[in-house]
Amino acid sequence: MTPEQIADLKAALPHVKGRLVENAPMARLSWFRTGGNADLLFEPADEDDLLHVLRRLPAGVPITVIGVGSNLLVRDGGIEGIVIRLGRGFGEICARGNIVSAGAGAMDVHVAKAAAQNGLAGLEFLVGVPGTIGGAVRMNAGAYGREIKDVLKHAHAVDRFGHVEELKPEDFQFSYRHAALAEDMIILKAAFVAEQGDPEEIRARMQEIASARAESQPLGTRTGGSTFKNPEGGHAWELVDAAGCRGLRVGDAEVSAKHCNFLINHGEASAADIEELGETVRSRVKEHCGVELEWEIRRIGRHAEGEQE
């Protein structure tokens, strides 16, 4: 969109309680800390604020929804249309009986801790999932033997026109790291079924998962979580390692030497560097063992002018 079109779109939208920013830098909102600007960034204050805008947004404007940017690569050309970032206004967590409810902006780890504080077991695996509940539901996130599909009771979602509906697990047609959810549907909140457990055992399991992550993954770096989905019957990192890609670099982007299903930005890597590195890894794995790895990291936005798609 041109600067004039962006300004006209912003002017056409109603007054919002949250933030509405033109040409918003996206690098600060991605764990990779790289990428271009969003034409327009909307951070709604709450659900009503979001519905207020969706019901007035022109039909042809592209919508992109993000959380904390933990599993996200924003391309260098930025993002067309409006980016909706669900944050604090969608972070409520509540435990009643054996049901734990959470807004789409709630951090997965906080949901796990809330369950533990209420003596509820079954959600410990969320300690090993970086990001927020909205993204976790949309991609059927999982770790350490469990997935969202194993615990989801129902979710509420809204389409781009502001129509809200309740979705049951079967509506998602969950598969490995995938949910059959229309692109224009935005998760608002979800409820999960837990079970009564011993608080000490729950906390011990969470600590076990957290320790395993710290020992095996490059935490504290500019990374985007697991880069590739595990192929059926195997582990992506093993294939990457076998193909000789551990420590491989493109500029400041590197395949982690600690866990080679992670890509790292050492400071100055562009999104193009990171994506090129990932595609190089995919090519080498395909050549070495015939397996075509699928990206797990969500790559969004436009390539910079002159970049090859």
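Which residue forms a salt bridge with Arg-177? I looked, and the partner is Glu-147, with the closest N and O atoms 3.3 Å apart. My rule for a salt bridge is a side-chain nitrogen of Lys or Arg within 4 Å of a carboxyl oxygen of Asp or Glu. Arg-177 sits in the loop between helix H5 (169-172) and strand S13 (186-193), while Glu-147 is in strand S10 (residues 146-147), so the pair ties together parts that are 30 residues apart in sequence. Both Arg-177 and Glu-147 are buried. For the record, buried means under 20% relative accessible area, exposed over 50%, and partly exposed in between (1.4 Å probe, protein chains only). Helices (H or I, at least four residues) and strands (E, at least two) are DSSP runs, numbered from the N terminus.

Ground rules before I go on. This is a predicted model, where local features need pLDDT of at least 70, side-chain atom pairs count only at pLDDT 80 or more, and totals for chains, interfaces and linings use all residues. Residues are numbered from 1 along each chain as its sequence is written, and side-chain values use heavy atoms, with hydrogens and water left out.

Side chains of opposite charge can pair when their charged atoms come close.

I picked out Glu-43 and Arg-85, whose closest N and O atoms are 3.1 Å apart in a salt bridge. Glu-43 belongs to strand S2 and Arg-85 to strand S5, so this pair links parts that are 42 residues apart in sequence. Glu-43 counts as buried at 13% relative accessibility, and Arg-85 as partly exposed at 22%.

Glu-208 and Arg-205 make another salt bridge, again listed with closest N and O atoms 3.1 Å apart. They are 3 residues apart in helix H6 (residues 199-216), which puts about one helical turn between them. Glu-208 is partly exposed at 49%, as is Arg-205 at 28%.

I also found a network of salt bridges linking Arg-75, Glu-275, Glu-279, Arg-282, Lys-286, Glu-292 and Arg-299.

**Strand S5 and what follows**

Is S5 mostly covered or uncovered? I checked residues 79-85, and S5 is mostly covered, with 5 of its 7 residues buried. Strand S2 (residues 37-43) runs parallel to S5, joined by 4 bridges; two strands pair if DSSP finds at least two bridges between them. Leu-41 has Val-83 in S5 as its bridge partner. Strand S3 (residues 63-66) also pairs with S5 in the parallel sense, over 4 bridges, and there Val-65 stands opposite Ile-84.

Next I went to Gly-91, in the loop between S5 and strand S6 (93-96). Gly-91 is partly exposed at 29%. Leaving aside neighbours within four places in sequence, Gly-91 is in contact (heavy atoms within 4.5 Å) with Gly-105 and Ala-106.

**An open sheet**

I traced 5 strands in an open antiparallel sheet, in the order S6-S7-S13-S11-S12. S6 and strand S12 (164-167) are at the edges with a single partner strand each, so one side of each has no neighbour in the sheet.

Strand S11 (residues 152-158) pairs with S12 in the antiparallel sense over 4 bridges. In that pairing, His-156 has Glu-166 in S12 as its bridge partner.
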